[in-house]
Amino acid sequence: MFLKMFFKEMKDSFRDRRTLLLTVVLPLIMMTALVFYYESLLSDDEQTYNLAVEKGTSEEILSIFSTENFNFVETDDPEFAIEEGEAHTGILFDDQFTEKVETHQQATVKVISGDSFSQNASNANAQVMAALQQYEQAIVNERLTNENIDQQLMTPFQIEQEEITDDNAGMALLGTLIPLILVLAIGIGASPSASDLFAGEKEKKTMEALLMTPVKRSTMIMSKWLTISAIGSITGIVTLIVVALEIQFMTENLKDAVASTENIGLIIGIVAGITIIYATFLASILMVTSIMAKTIKESQSYSTPVMMLGMFPIMILTSVGTSELEFHHFVIPILNIFSSLKELLVGVIDWEHIFITVGSNLIAMIIIFIIGRIMFLKDKWVMN
Amino acid sequence: MIEINEVTKRFQDKKKYVTALKHVSFTVEEGEVVGLLGENGAGKTTLLRAIATLLHPTDGTIKVAGYDTVKQPNDIKKKIGVLFGGETGLYDRLTARENLEYFASLYNLSKHETKVRIDELTKMFGMRDYLDRKVDGFSKGMRQKLAISRTLIHEPDIILFDEPTTGLDITAANVFRQLVHQLKQQGKTIIFSSHIMEEVQMLCDSVAMIHKGELIYHGNIEKLYEEENNEDLNYIFMSKLVRGGSDYVS
Ligand SMILES: Nc1ncnc2c1ncn2[C@@H]1O[C@H](COP(=O)(O)OP(=O)(O)O)[C@@H](O)[C@H]1O
Ligand SMILES: [Mg+2]
């Protein structure tokens, strides 16, 4: 009986074009977009930036920036050009900049920053500043040489920077990207069936027809829950397969990063396991929101905020480095999915963290399932 | 066959209590066709749900074929078929056949029994042409035939219809009326709710009139005409409300 219901519900769900679209096509699109975005961030090809300069700025001055990848946008009003989005950043030189520099007068140069929220604008800005500093240093060195002073006098020490996790930058990026998409995809994939299987059945009165059969209510709720879990899991696994294939066949930097990670097979296995556990946990939550609702629409209005809540951990965790993850990051459901995957994807397998994550999700899932079951046994929640 | 004994049903809606049924008692004999009459909100659906074991009475008991609705719901479920609304309770993404097969399986019918039953129902309702099409594109009339077939899939002796013709066009409503005739000839016990007096007049042996949760009349329809010296059920219903005092008239 249980299996009959389960198979019928799976068949029914997958005949819904929304489910098909959301479980397969959407993860495909989201993942492809993100994989390529991160690949482009990792790649060494330097981006070229548009730099607004005043018309008539001499070639000699512009040669300051020749080593950088700049396109010059000559304009009467650099600020306007930036506002219009024609340039990432702009620069205004003193009228007699070269003369002043040569005659040891203080010259001025004004750097106009673009949109501070734009990654491109701030990169462009940083490169302009770097070029100017280099140029400044060159002038200082020249002057010191002219005065017969040792250049080292002006540079008491050299700063060398080294980022310890730099090797793993690729995986660290994946560690924030994959959980986000996974959580989104599972939520979006499972929610149509969740709202269909309870609220939808109430709305269409198939629920009453079901209740009139000798099937036990506990059997019904188990089969419905399993359907939602299965669809969530399928979405999650499809998403993972898509990333894996795309990284393997369509990227170079990410592929190298993955290949250099130890135990990659085991890590992928654990990630898949956690994905399924999370899908069952989310299925319980979506099930309760659907039982509470009288119509599909109402159910969606409950489940949307729940899925939004799932996005919060991203905000908490983006500022936390992998090595800073603590106990509580692995205890709180949803948050711990992000923490665990983040850790796993930089190649760290910490069994304690994994068990805490799985355990806390299972416990939360069971508690929520029981709440749903209690509700489903009450007539009030079963019939409109 | 159906004994309704002093049934009261109270709902708690937020902090407010709604009494949907007040001390309702009547019996329905085997093979009888009963029309349940009442305005919107009178308590018809609540009463049918209680008979169908889907709701437990707050007070009183209901026995169907000798079984108690609260204590032995599963014995009753095998004997009873219920259709709430005229064309509802179908899965749109399944074909007509799949809908029937699914419910047959939930009633534990064997593969063979299911096939035979679906054949019978298909013939009875003339559904051959669209049996393997998805319900999604069905007209209301097609849906109604399928919904009724689903209700009858396990050959119930007792059939409850809640407002079966509401929202249907005349042709579909007539299909239902013919069907009730047919089922009556097969000796089925039928209760259907309606607010269409003509329909009840046409099909029923007896009527039960409910108003605001109270049973204001139950009895043979011919006898009622005699007593009232009138054959207009609409008129009788209204005059009963008036005679019942200001409490009845809304
Ligand atoms: N689940 C419920 N919770 C609260 N009130 C209900 C519920 N079901 C029905 N009622 C109330 O009981 C009364 C009778 O409803 P119902 O049986 O649906 O009437 P009818 O089918 O005759 O239109 C109405 O006032 C309705 O609001
Ligand atoms: Mg009703």
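I looked up residues 221–244 of chain A first. This span is 100% helix and 0% strand, with its end C-alpha atoms 34 Å apart. Helices here are DSSP runs of H or I, at least four residues, and strands are E runs of at least two. The model is predicted, so I kept to its limits: local features need pLDDT of at least 70, side-chain atom pairs need 80 or more, and totals for chains, interfaces and linings use all residues. Side-chain values use heavy atoms, without hydrogens and water.

I then checked the record. The unreviewed UniProt entry annotates 221–244 of chain A as one of its "transmembrane region" spans, and 20–38 is also among them. Such annotations may be inferred rather than shown by experiment. Residues 20–38 are 100% helix too, and their end C-alpha atoms lie 27 Å apart.

Next I went to salt bridges (a side-chain nitrogen of Lys or Arg within 4 Å of a carboxyl oxygen of Asp or Glu).

I noted B:Arg97 with B:Asp132, at 2.8 Å from N to O. B:Arg97 sits in helix α3 and B:Asp132 in the loop between α4 and α5 of chain B, so the pair ties together parts 35 residues apart in sequence.

I also noted B:Arg177 with B:Glu199, again at 2.8 Å. This pair links helix α6 to helix α7 of chain B, 22 residues apart. Is B:Glu199 buried or exposed? B:Glu199 is buried, at 1% relative accessible area. B:Arg177 is buried as well, at 15%. Buried means under 20%, exposed over 50%, and partly exposed in between (1.4 Å probe, protein chains only).

Key: Residues numbered from 1 in each chain as written. Chains lettered and ligands numbered in written order.
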